[in-house]
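Dear colleague,

Here is the structure I said I would pass on. My notes on it follow below.

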Amino acid sequence: SFHSLTSNFVFFIFSWWGGVQMGPPDPILGVTEAFKRDTNPKKMNLGVGAYRDDKGKPFVLSCVRKAEALIAAKQLDKEYLPIGGLGDFTKACAQLALGANNEVLSSGRNITVQTISGTGSLRIGANFLSRFHGGSRDVYLPKPSWGNHTPIFRDAGMQLKAYRYYDPSTCGFDFRGALEDISKIPEQSVILLHACAHNPTGVDPKQEQWKEISDIKRNLLVFFDMAYQGFASGDIDRDAWAVRYFIEQGHNILLSQSFAKNMGLYGERVGGFTVVCKDIEESKRVESQLKILIRPIYSNPPMNGARIATTILNTPELRLLWLEEVHGMANRIIKMREQLVAGLKKSGSSHNWQHVIDQIGMFCFTGLKPEQVERLTKEFSVYMTKDGRISMAGISSGNVGYLAEGIHAVTK
Amino acid sequence: MALLKSNKVISCLGNISPSLGVLSTRNSSWWGGVQMGPPDPILGVTEAFKRDTNPKKMNLGVGAYRDDKGKPFVLSCVRKAEALIAAKQLDKEYLPIGGLGDFTKACAQLALGANNEVLSSGRNITVQTISGTGSLRIGANFLSRFHGGSRDVYLPKPSWGNHTPIFRDAGMQLKAYRYYDPSTCGFDFRGALEDISKIPEQSVILLHACAHNPTGVDPKQEQWKEISDIVKKRNLLVFFDMAYQGFASGDIDRDAWAVRYFIEQGHNILLSQSFAKNMGLYGERVGGFTVVCKDIEESKRVESQLKILIRPIYSNPPMNGARIATTILNTPELRLLWLEEVHGMANRIIKMREQLVAGLKKSGSSHNWQHVIDQIGMFCFTGLKPEQVERLTKEFSVYMTKDGRISMAGISSGNVGYLAEGIHAVTK
């Protein structure tokens, strides 16, 4: 019939997604894609957010390979993990962050669930806040913060605000500005703190500064993002100092952990989300609600990475090996920082590059302006994000001299 | 409000005495208002099962395949794939946001057939997801953000329990269409057509591609054709959930027939796939989400938005299971072995259905148990009433959900006779 002919015709040309716009291109991806197209043999990709060895290659830790061999030998099944993840993993994960003797663990007043790495952890936390934190919709991020923090909290229904953090005039911590801003945050708001190795600036508060931040009496709900434990200073306890101090001081924190960087488990997606509760009774209630929240997102988390992490943490010789390897990664980064500054001095730069050494972790906020970044890319094939952030992981002893020359050339 | 007020008092105390302030924060609670959630019904079944000391106990709540000895089954093709992968000593770099490219390609090909016009025209976008649940949730979030036509998602009655919170938490509204007919333990075809014909245009309709969960009741091909016609007339957005491809009939192409038919008929569907059951990759979390678009240009726009949606949920998906699935699908001898093994799993289930009905007849049951054989896949809606289920549990230590659903995977040749006796005892 004519009617069915037209309705078929309409049906075929009709499109459900005609109104879907092309999304903006990912800024970091754009850097990598431009890098790939560049034919200059001296090119450097300093946008990469993953560790590289001194030959510029991805690095799979020996302890990971050994753990994988142990696991493979056991020929384990692939049954679903519980909604909250592998029990041995969440236990070891919490112990790593808080220290095995922490009162929180012995009292059982934490609930720790396995998550899809750090992003998954933050998102579970954001969703939990959105559903259960009646006190406020506002999450305060440091300025600047990791780019993905904003959509994580926003898509979960929270509102984003900021407190001063990075001081471009010193390429360091704006301590006064941070204290001023934090002291004005409305009570019961959520404040997100980077536990160590702030991303993207590499600027961390000193212990005395952490103490003052903890003291600010605004009754804020603290959410720690710890994506680099061990990777910052090379010492897992030192990097967890702020988290443990805050808990000691009575903050019942939320905590996200990632094993992407410190165990090199990037694509395996291993992380944890912890709520430190008032007591074990509260932790049970919170646990039940976390499971109800997680089940309709992905049911239960992926097993492989959690098994690897657990094997490493709980097998004494592997744990020792891991601590050495994480120390090694952190040391190489620190060495690159020192060599870069030495190279800049040698090139004849008169600028103060101390911040490159003072900053910590994977990233460095060079202080380069967008025009300088553009020149560095165009003239030297050195690729980084426009904010002047470089990934120290992309630097090796073979190219740090070239980088120093390039940076000097665009800043002299 | 009470919490706010009490915190004001506490922080005032803190101003008077710093130590009081510290004490107050330690004892104060952010989560005083968080209620204990209701217990998970299926978990409750398993927990009661574990406590039971009867050596003849059976757990028919389990949603995972078991071999004929009642053990979890890791497929040989999976073990072989793992060995191949381990030998390569691959790195662990992040996958792209949309997942492993070779995986998404093979995943879409498996569902649609390698020669499908959709694939050659590139008008699908397929992303790797956290198994079937993750796929459905990405789809639900995408609908919530981009489907202007309607907030309503129509589920069959009944449907998998988790469908409801998946769509609801994503911001959609749940409605239902008749599906299961308790009087026949079969498909309420007339009821389904009537209800579907009244669904407002541009609503989303979720269809189980094969092996309906929880009933095991699937439409016949002729019935699918009529459903397709009505859905087209009502201009509904079709979302297929295919969690059991290969696991239902034993034949991957046969189980994907409805999905492929609908696409042929011009429905630009959404599709969720899971490899939890058909490859036994449960805890590895392997799945795919596909949007069949009008053309390749549209698929690029949709892809960009899917990535923007996924990135703040988990950034990128887990690599291990996707590598295993890809190795199996793309290594000819492993793919053949997989097809054999999935056929084997489906056959064991079918055999248990036949043996259960034979056992019921042998026990002397006068009821019509044909539906146990007609239903397909992991689950069977026995038709047992709650009181009968309770007796079966109390008197025979046979555990199942109150709706009378049993997991065929929990049955073995060693205990099917016992189950038949028990079911007969509570239904005679």
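A disulfide is taken here as a pair of cysteine sulfur atoms within 2.5 Å. By that rule the structure holds 0 disulfides over all chains. In A:Cys63 the sulfur is 15 Å from the closest cysteine sulfur, that of A:Cys93, which is too far for a bond. For B:Cys380 the closest cysteine sulfur belongs to B:Cys185, at 8.1 Å, and that is also too far for a bond. A:Cys63 is buried at a relative accessible area of 0%, and B:Cys380 counts as buried at 0% as well. Buried means under 20% relative accessible area, exposed means over 50%, and partly exposed lies in between, with a 1.4 Å probe and protein chains only.

Some conventions. The model is predicted, so local features need pLDDT of at least 70 and side-chain atom pairs count only at pLDDT 80 or more, while totals for chains, interfaces and linings use all residues. Residues are numbered from 1 along each chain as its sequence is written, chains are lettered from A and ligands numbered from 1 in the order in which they are written, and side-chain values use heavy atoms, with hydrogens and water left out.

The sheet in chain A

Helices (H or I, at least four residues) and strands (E, at least two) are DSSP runs numbered from the N terminus, and two strands pair if DSSP finds at least two bridges between them. Chain A has an open sheet of 7 strands in the order 2-10-9-8-7-3-4, with mixed pairing. Strand 2 (110-116) and strand 4 (159-164) of chain A are at the edges with a single partner strand each, so one side of each has no neighbour in the sheet. On average, neighbouring strands of this sheet are turned by 25 degrees against each other, direction ignored. Strand 2 of chain A pairs with strand 10 (residues 270-276) of chain A in the antiparallel sense over 7 bridges, and A:Gln114 stands opposite A:Gly272 in strand 10.

Helix 8 (residues 175-182) of chain A packs on the sheet, where it touches strand 4 and strand 7 (190-194) of chain A, and its direction makes about 135 degrees with that of strand 4. Axes are lines fitted to C-alpha atoms, for helices over the stretch in contact, and angles run from 0 to 180 degrees between N-to-C directions. Contact means heavy atoms within 4.5 Å. Helix 11 (residues 241-248) of chain A lies across strands 7, 8, 9 and 10 of chain A, at about 160 degrees to strand 8.

A buried leucine in chain B

B:Leu419 is in helix 18 (residues 416-427) of chain B and counts as buried at 0% relative accessibility. Beyond its neighbours within four places in sequence, B:Leu419 is in contact with B:Met58, B:Leu60, B:Leu356, B:Val398 and B:Ile411.

Salt bridges

A salt bridge is a side-chain nitrogen of Lys or Arg within 4 Å of a carboxyl oxygen of Asp or Glu. B:Asp169 is partly exposed at 25%, as is A:Arg131 at 39%.

B:Arg260 and B:Asp253 also meet in a salt bridge, at 2.9 Å from N to O. B:Arg260 is buried at 16%, whereas B:Asp253 is partly exposed at 40%.

Regards
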